[in-house]
Amino acid sequence: MAPFSKKSGISDEDYFPLLCSPEELEASYARCRACGVPQDLTRPREILDPAALAPRLKAAELLISLAEKTVRPICTTDPQRNFICILCDPELVALKLYASPEILEAARDLGVVPGTVFTERSCGTNALAMARELGRLVAVRGEQHFCRLFHNWWCVAAPVRGLGNSILGYLDISMHAERELGFAVTFLKTLLLLMEKELALAREIPSLPPELERRLSPREREILFLLLRRLTNEEIAAYLNLSVYTVKTYRKFIYRKLGVSSFNELLAKYRAVTEKLN
């Protein structure tokens with residue numbers, strides 16, 4: 001593997017560990033060949049239509065809300081920046097793209113749109129797929145992509161982790177110029193840190209009224225707090241590193257113990273108890 005170009009100003013010592021090893025790349029290429037991915041691919045092989053994408057957007061509301069508060073404000077303030085941020089769910093389906101109109105248009109020409117699936121089977125070797133495979137921040141140079149379609153893009157990607165080290169999704173920064181790769185690595189780390197802080201802030205929830213608190217276990221109280229913040233079962237599962245099935249089970253226990261049968265009844269009961277205390 002060739003080192004970073006010295007004229008780019010990127011230090012091998014600083015960024016070489018982020019590059020995939022020759023063995024990791026060759027393993028990815030082998031998987032691509034086994035899936036029948038052509039190197040002369042002209043568009044990603046799998047792009048979800050809006051109807052198929054909609055439930056994924058719903059399930060990823062927590063991840064998207066974090067990105068809207070942290071990624072969008074930074075990525076849309078400088079139209080001269082030559083990069084695009086791609087937010088994906090845990091299955092590497094693109095949920096949101098953040099970039100200038102010109103870069104978004106260039107991405108669309110390649111078939112990079114909300115709904116694009118960035119698995120190796122769909123796009124060949126790429127930073128998002130390698131970040132999921134290796135579980136860490138990775139950098140992929142243009143020529144290291146399996147498909148020539150992406151040879152002009154230099155990319156870095158990393159998992160977005162929630163509480164308990166759960167994977168909420170993946171974030172990628174791609175650009176045309178290798179000289180920007182050092183910036184992209186630092187920028188991606190900053191975005192991930194901002195998202196972690198926003199997630200921690202969102203988890204600060206008020207105390208329950210004693211009348212409700214004493215009826216529930218500690219875990220049930222925690223889930224009730226999140227329900228009252230109008231988080232979905234999927235978002236609560238991501239917050240607490242639980243399965244969605246477990247969250248649904250706790251939700252049934254909470255409803256039964258509090259004598260309600262729906263979220264609206266739960267909300268009404270909470271408001272009634274709170275008003276009595278005030």
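Leu92 is buried, at 0% relative accessibility. In this predicted model, Leu92 lies in the loop between strand E1 (83–88) and strand E2 (94–98). The phi angle of Leu92 is near 70 degrees, a positive value in a residue other than glycine. Most residues other than glycine have a negative phi.

Confidence was examined along the chain. The mean pLDDT is 85. Of the residues, 85% reach 70 or more. Among the elements, helix H1 (residues 12–15) has the lowest mean pLDDT, 47. Helix H6 (residues 120–123) has the highest, 98. Over residues 1–14 the pLDDT is below 50. Beyond near neighbours in sequence, residues 1–14 still have 28 contacts in the model. Where pLDDT is low, the predicted coordinates should not be read in detail.

Nonpolar packing was considered next. In soluble globular proteins, nonpolar side chains tend to be buried together. The largest nonpolar core has 38 residues. Val71, Cys85 and Ile173 have the most contacts inside this core. At least two core residues come from each of helix H4 (61–75), E1, E2, strand E4 (154–161), strand E5 (167–175) and helix H8 (181–202). H8 gives the most, with nine residues. Leaving aside residues up to four places away in sequence, Val71 touches Leu66, Cys85, Tyr98, Leu171, Leu191 and Met195. A second, separate core has 34 residues. Cys88, Leu92, Met130 and Cys155 are included in this second core. Cys155 is buried, with a relative accessible area of 5%.

The cysteines form zero disulfides in the structure. Cys35 is in no disulfide. The nearest cysteine sulfur to Cys35 is that of Cys32, 6.8 Å away. Cys35 is partly exposed, at 23% relative accessibility.

Val113 occupies the loop between helix H5 (101–109) and H6. Val113 has 19% relative accessibility and therefore counts as buried, the limit being under 20%. Not counting residues up to four places away in sequence, Val113 touches Ile47, Ala94, Leu97 and Arg108. Val113 and Leu95 are 18 residues apart in sequence. Their C-alpha atoms are 8.4 Å apart in space.

Two helix pairs were characterised. Two packed helices are described by the angle between their axes and the distance between the axes. Helix H10 (residues 218–228) and helix H12 (residues 244–258) pack at an angle of about 95 degrees. Their axes are 10 Å apart. H10 and H12 are therefore roughly perpendicular to each other, because angles of 65 to 115 degrees fall in that class. From H10, the residues in contact are Arg219, Glu220, Ile223, Leu224 and Leu227. They meet Tyr250, Arg251, Phe253, Ile254, Lys257 and Leu258 in H12.

The second pair is helix H2 (residues 22–34) and helix H7 (residues 127–134). Their axes come within 12 Å and cross at roughly 110 degrees. H2 is thus roughly perpendicular to H7. Glu24, Ser28 and Arg31 make the contact from H2. Met130, Glu133 and Leu134 make it from H7.

Key. Residues are numbered from 1 along each chain as its sequence is written. This is a predicted model: local features need pLDDT of at least 70, side-chain atom pairs count only at pLDDT 80 or more; totals for chains, interfaces and linings use all residues. Side-chain values use heavy atoms; hydrogens and water are left out. pLDDT is the predictor's confidence in each residue, from 0 to 100. Helices (H or I, at least four residues) and strands (E, at least two) are DSSP runs, numbered from the N terminus. Contact means heavy atoms within 4.5 Å. A disulfide is a pair of cysteine sulfur atoms within 2.5 Å. Buried means under 20% relative accessible area, exposed over 50%, partly exposed in between (1.4 Å probe, protein chains only). A nonpolar core is a set of buried Ala, Val, Leu, Ile, Met, Phe, Trp, Tyr and Cys residues joined through side-chain atoms within 4.5 Å. Axes are lines fitted to C-alpha atoms, for helices over the stretch in contact, and angles run from 0 to 180 degrees between N-to-C directions. Angles under 35 degrees count as roughly parallel, over 145 as roughly antiparallel, 65 to 115 as roughly perpendicular and the rest as oblique.
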